Amino acid sequence: MKKKTGEICEQIRNAYVSLMENKSYDKIRVREIAEAAHIQRSTFYQYYDNLNDLITSLEEDLLRDMVFYRDVEFDIRKIEPLDSIRDWFDWCMKKRRYLMALMGENGDPYFEEKFKSRICADINRMMDSEGMPRDELRPFCVELTYSIHVSLMKFAVRLGEERCPFRADELAGLSNYWRECALKAEQEKKFPLSGKNKKYE
């Protein structure tokens, strides 16, 4: 098992994502990464078997570290933004270089699919906690929730921490508006989020 942590590993990963600014992830060569990281090619192979090993480990580490929703005791009447989503926005800003590279035009097109799958699984668990049934409306609500959060995240990530006018908790508040409106609409029976024939208990 090759070591995939430490300063040299970070140098290799940073060099790789920097090169993605101008070149497709699958067109970058080990020689280019070694030059950009100021290491020997042989050093690269002490950490990674090949380029596929590098991209796979980078993506897996990001997805493993990412938490969108933590299981918590939930009160449906409390509709303020969740701490876990605030923490997710904060995590995205800290990992912005990697996310911009992997989700950009030169990044791995399959990474965003894996990213979405992971977050949508968390959104489904969140909606389960809130008592929302898995009916015909659930996929639409999941897609809307995902789109709102990720669109805000991408915009904030592109701006960067210095230029983005909102902190992580404020981004979480912005993204929570649709949920707040939806829950209020459900309570007032203006829009049946819980399905045609089902209501929250």
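**Exercise 1. Determine what share of the contacts in the protein chain, among residues at least 6 apart in sequence, join residues at least 24 apart.**

Solution. A contact means heavy atoms within 4.5 Å. Among contacts between residues at least 6 apart in sequence, 66% join residues at least 24 apart. The structure is a predicted model, in which local features need pLDDT of at least 70 and side-chain atom pairs count only at pLDDT 80 or more, while totals for chains, interfaces and linings use all residues. Residues are numbered from 1 along each chain as its sequence is written, and side-chain values use heavy atoms, with hydrogens and water left out.

**Exercise 2. State how many helices and strands the protein chain has, and what part of its residues count as buried.**

Solution. Helices (H or I, at least four residues) and strands (E, at least two) are DSSP runs, numbered from the N terminus. By this rule the protein chain has 9 helices and 0 strands. For burial, the cut-offs are under 20% relative accessible area for buried, over 50% for exposed and partly exposed in between, with a 1.4 Å probe and protein chains only. Of the 201 residues, 45% count as buried.

**Exercise 3. Describe how helix H1 and helix H4 are placed and which residues make their contact.**

Solution. Two packed helices are described by the angle between their axes and the distance between the axes. Axes are lines fitted to C-alpha atoms, for helices over the stretch in contact, and angles run from 0 to 180 degrees between N-to-C directions. The axes of H1 (residues 7-19) and H4 (residues 51-65) come within 11 Å and cross at roughly 100°. H1 is therefore roughly perpendicular to H4, since angles of 65 to 115 degrees count as roughly perpendicular, under 35 as roughly parallel, over 145 as roughly antiparallel and the rest as oblique. H1 contributes Ile 12, Arg 13, Tyr 16 and Val 17 to the contact, and H4 contributes Leu 54, Ile 55, Ser 57, Leu 58 and Asp 61.

**Exercise 4. Classify the aromatic pair of Phe 44 and Tyr 48 and that of Trp 88 and Phe 89.**

Solution. Rings of Phe, Tyr and Trp (its six-membered ring) pair if their centres lie within 6.5 Å; planes under 30 degrees apart count as stacked, over 60 as edge-to-face and the rest as tilted. The structure holds 5 aromatic pairs. Phe 44 and Tyr 48 lie 5.7 Å centre to centre with 40° between the planes, a tilted pair. Trp 88 and Phe 89 have ring centres 5.0 Å apart and planes at 65°, so this pair is edge-to-face. Both Trp 88 and Phe 89 are buried.
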